[in-house]
Amino acid sequence: MSDHWQYLLVLAACLAITAPLEVFGKGVYRQPRRLLKAILPAAAVFLVWDEVAVAAGVWSYDARYITGLSIPFRVPIEEVLFFLVIPLCALLTYNAVSTILDRLRRR
């Protein structure tokens, strides 16, 4: 397997591991507008931040671990997905833990 897929595979693993958490509570995927409102503003800010850091030579991406696909401003597609996938996984985890703790408190 090529190393160029490693970043994407890690993101896919994060999604696969947290996807079953959707069964808890009101669900994250079942509220798409709320999900987008939670993720997109922060993702946009961090994408701009990444571009500024790359342009200034403060930050770079190891070409061995990315596919080479990028959006304008030289940000790899993996980085764009990172700012969407990781917050999504965090929301799934938070929702599940909150639901479980609420159920335990009611007992």
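Colleague: Why is E51 called buried?

Modeller: Buried means under 20% relative accessible area. E51 has 14% relative accessibility, and therefore counts as buried.

Colleague: Where is E51 found, and with which residues is E51 in contact, leaving aside its neighbours within four places in sequence?

Modeller: E51 belongs to helix 2, which covers residues 32-55. With those neighbours set aside, the contacts of E51 are F73, R74 and V75. The term contact requires heavy atoms within 4.5 Å.

Colleague: Why is P20 called partly exposed?

Modeller: The class lies between two limits, since buried is under 20% and exposed is over 50%. P20 has a relative accessible area of 48%, so partly exposed is the term for P20. The residue P20 sits in the loop between helix 1 and helix 2. From P20 to I39 there are 19 residues in sequence, and the C-alpha to C-alpha separation is 20 Å.

Colleague: What makes up the secondary structure of the protein chain, and which pattern does the chain follow along the sequence?

Modeller: There are 3 helices and 2 strands in the protein chain. Their order along the sequence is α-α-β-β-α.

Colleague: How do you know how the radius of gyration of the protein chain stands against that of a compact globule?

Modeller: For a compact globule of 107 residues the radius of gyration would be near 13 Å, whereas the protein chain has 17 Å. The C-alpha trace spans about 55 × 35 × 20 Å along its principal axes. Of the 107 residues, 27% are buried.

Colleague: Where is confidence lowest, and where is it highest?

Modeller: The average pLDDT of the protein chain is 92, and 99% of the residues score at least 70. Confidence is lowest in strand 1 (residues 70-71), with a mean of 84, and highest in helix 1 (residues 6-18), at 96. Where pLDDT is low, predicted coordinates should not be read in detail.

Terms used: Residues numbered from 1 in each chain as written. Predicted model: local features only at pLDDT ≥ 70, side-chain atom pairs only at ≥ 80, totals over all residues. Heavy atoms only, no water. Rg over C-alpha atoms; globule rule 2.2 N^0.38 Å. Buried < 20%, exposed > 50% of the residue type's maximum accessible area, 1.4 Å probe, protein only. pLDDT = per-residue confidence, 0-100.
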